[in-house]
Amino acid sequence: MSVKDEFSTQEWFQIMTGPGRAGAAVVAASPSGLTGLLAEAQAIAASIRESVSQAGRTPLMEAMAADLLGTGPSREELKDLQGDRAKTMQEAVEQNVQAVRQAVWLVSAKTTPEDARAYQDMLMQVAERTAQAAKEGGFLGIGGEQVNDKEREVLAELQDVIRGTVTMPAADPTPSGLINPSPDGSGDSH
């Protein structure tokens, strides 16, 4: 039995997209030009690949690696699994941070402490490398800073969500239409 079997399809989708959502929160905090966006997207992908490819990886990282090599969900399945699209960059940051919170909670509730730590490490690595991937501000690569105040603010928020005590807020923390798992992680709130 794989660690993946501990999760519903929608929960696994949240876990698989958690690292990308951590990177996307940083990107949305301070969007770069086209070159910067490409560099940040490459940093997200490279960080995820590196995390799931390491020797001695945990069962969760093994399951994620297997899924990354397999066939992903169809367009229709993706449509059902994704929540509402953000209308503003601030809303995108908030949605992505909330999705990371949900993914961390799911992993912490349903896996070993080693799996949870490896997942948290991956999320922070993705966020930090995304922030470092492109200079913010400046002109044609001259001036600017590697990580600006908005990115630092989101990194601090992600650090708190990922490394802090993970508790689920009273409001629905899942994207619209997704089931909020119960405290026991079963997905059955009854």
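Phe7 counts as buried at 8% relative accessibility, where buried means under 20% relative accessible area, exposed over 50% and partly exposed in between (1.4 Å probe, protein chains only). This residue belongs to a predicted model, in which local features need pLDDT of at least 70, side-chain atom pairs count only at pLDDT 80 or more, and totals for chains, interfaces and linings use all residues. Residues are numbered from 1 along each chain as its sequence is written, and side-chain values use heavy atoms, with hydrogens and water left out.

**Fold and surface**

- The chain contains 7 helices and 0 strands, these being DSSP runs (helices H or I, at least four residues; strands E, at least two) numbered from the N terminus.
- Along the sequence the pattern is α-α-α-α-α-α-α.
- Of the 190 residues in the chain, 41% are buried.
- The chain exposes about 10,400 Å², of which carbon and sulfur atoms supply 53%; accessible areas come from the Shrake-Rupley method with a 1.4 Å probe, and for residues only the protein chains shown count as cover.
- Among contacts (heavy atoms within 4.5 Å) with a separation of 6 or more, 75% link residues 24 or more positions apart.

**Confidence**

- The average pLDDT, the predictor's confidence in each residue from 0 to 100, is 81 for the chain, and 74% of the residues score at least 70.
- Residues 166-190 have pLDDT below 50, and this stretch has 47 contacts in the model beyond near neighbours in sequence.
- Where pLDDT is low, the predicted coordinates should not be read in detail.

**Nonpolar core**

- A nonpolar core is a set of buried Ala, Val, Leu, Ile, Met, Phe, Trp, Tyr and Cys residues joined through side-chain atoms within 4.5 Å.
- The largest such core has 42 residues, and those with the most contacts inside it are Trp12, Ile15, Leu60, Met64, Val100, Tyr119 and Leu158.
- Two or more residues of this core come from each of α1 (9-29), α2 (34-53), α3 (59-69), α5 (89-110), α6 (113-132) and α7 (149-163).
- Leu158 is in contact with Ala22, Ala25, Val26, Val97, Val100, Met124, Ala127 and Arg163, leaving aside neighbours within four places in sequence.

- Leu60 lies in helix α3 and is buried, with a relative accessible area of 0%.
- The C-alpha atoms of Leu60 and Thr111 are separated by 7.8 Å, the two residues being 51 residues apart along the chain.
- Met61, also found in helix α3, is buried at a relative accessible area of 3%.
- Apart from neighbours within four places in sequence, Met61 is in contact with Ser51, Val52, Asp115, Ala118, Tyr119 and Met122.
- Between the C-alpha atoms of Met61 and Ala116, which are 55 residues apart along the chain, the separation is 10.0 Å.

**Aromatic pair**

- The count comes to 1 aromatic pair, where rings of Phe, Tyr and Trp (its six-membered ring) pair if their centres lie within 6.5 Å; planes under 30 degrees apart count as stacked, over 60 as edge-to-face and the rest as tilted.
- The rings of Phe7 and Trp12 have centres 5.8 Å apart and planes at 40°, so the pair is tilted.
- Trp12 counts as buried at 5% relative accessibility.

**Asn96 in helix α5**

- Asn96 is found in helix α5 and is buried, with a relative accessible area of 9%.
- A polar contact of 2.4 Å joins the side chains of Asn96 and Arg21; such a contact is a pair of N or O atoms within 3.5 Å, and within protein one must be able to donate a hydrogen and the other to accept it, while residues adjacent in sequence count only if both atoms are side-chain atoms.
- Leaving aside neighbours within four places in sequence, Asn96 is in contact with Arg21, Ala24 and Ala25.
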